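Here is a short report for a first look at this structure. Keep the sequence and the 3D view side by side as you read.

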Amino acid sequence: MANNDQVAEKNILGTNVIAQIGILVHDIEKTSQAYADFFGVKNPGWSLTDTVDKAETEYKGDSTKARAKLAFFDMGSLQLELIEPDQHPSTWREYLDEHGEGPHHIAFIIKGMKEKITLMERNQMPLMQKGEYTGGRYAYMDTFKDLKIILELLENDN
């Protein structure tokens with residue numbers, strides 16, 4: 001039976017709508033084309049994440065120069081994100097090296113990033129990596145022990 005603290009913190013994120021699934025790949029060009037061909041859609045191409053001075057990327061509490069090539073497919077109510085990381089320390093690189101290509105995270109759009117991170121950490125789901133992007137910020141939370149996948153929090157400025 002749940003104690004009062006657990007009941008009070010039900011639905012920590014404030015949403016249960018998955019906005020994105022992130023998949024790690026070794027070759028973003030090849031994999032993007034495979035998805036485009038499979039679904040009969042236009043290949044969206046890829047973009048490179050911002051440099052550390054702009055993205056303020058932190059991995060395990062330390063600044064990192066990690067960057068990744070990203071390709072986004074809008075799949076109805078959900079976005080598919082392909083991620084090809086560089087060699088710098090990041091959750092992407094570590095996960096790809098340890099587990100190979102495949103699912104990395106599911107993402108949720110939230111409000112109040114700092115508060116959500118604090119709530120999750122109180123529930124033994126520590127922050128792994130965070131950074132900024134044009135129009136918002138992201139945080140990867142280590143939910144693997146309980147949820148068997150990493151959760152990404154996305155907060156947009158608008």
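## Contacts of M120

M120 is in contact with I12, L13, M125, M141, T143, L151 and L153, leaving aside its neighbours within four places in sequence. Keep in mind that this is a predicted model.

M120 belongs to the largest nonpolar core, which has 15 residues. Within this core, L13, M120 and L153 touch the most other members. At least two residues each come from β7 (102-109), α5, β9 and β10. Helix α5 gives the most, with 4 residues.

There is also a second, separate core. This one has 13 residues, including L70, Y95, Y140 and I150.

## Helix α5

Which residues of helix α5 are buried? Helix α5 covers residues 113-122, and M113, K116, I117, L119 and M120 are buried in it. These residues lie on the same side of α5, because they cover an arc of only 165° around the axis. An α-helix has 3.6 residues a turn, so residues three or four places apart point the same way.

What do the buried residues of α5 pack against? Their partners are β8, β9 and β10. The other side of α5 holds K114, E115 and R122, which are exposed. Just after the helix comes Q124, with a positive phi of about 60°.

## The largest pocket

Rolling a probe the size of a water molecule over the atoms shows where empty space is left. In this model, the largest pocket holds about 480 Å³ of space. It is lined by 23 residues. L70, F72, E81, Y133 and Y138 are the closest to its centre. L70 is also a member of the second core.

Several strands build the lining of the largest pocket. β2 (47-48), β5 (68-75), β6 (78-85), β8 (127-133), β9 (136-141) and β10 (150-156) each supply at least two residues. The largest share, 3 residues, comes from β10. By class, the lining has 12 nonpolar, 7 polar and 4 charged residues.

## R93 in helix α4

R93 lies in helix α4, which spans residues 91-99. Is R93 buried or exposed? R93 counts as buried, because its relative accessibility is 10% and the cut-off for buried is under 20%.

Leaving aside its neighbours within four places in sequence, R93 is in contact with P85, D86, Q87 and H88.

Note on methods:
Residues are numbered from 1 along each chain as its sequence is written. This is a predicted model: local features need pLDDT of at least 70, side-chain atom pairs count only at pLDDT 80 or more; totals for chains, interfaces and linings use all residues. Side-chain values use heavy atoms; hydrogens and water are left out. On a 1 Å grid over the protein atoms alone, a cavity is a set of points where a 1.4 Å probe fits but cannot get out, and a pocket is an open set with protein on both sides within 12 Å along at least five of seven lines; lining residues have an atom within 4 Å of a point. Grid points are joined across faces, edges and corners, and a volume is the space filled by probe spheres set on the points. Ala, Val, Leu, Ile, Met, Phe, Trp, Tyr, Cys and Pro count as nonpolar, Asp, Glu, Lys and Arg as charged, and the others, Gly among them, as polar. Buried means under 20% relative accessible area, exposed over 50%, partly exposed in between (1.4 Å probe, protein chains only). The arc is that of the directions from the helix axis to the C-beta atoms. Contact means heavy atoms within 4.5 Å. A nonpolar core is a set of buried Ala, Val, Leu, Ile, Met, Phe, Trp, Tyr and Cys residues joined through side-chain atoms within 4.5 Å.
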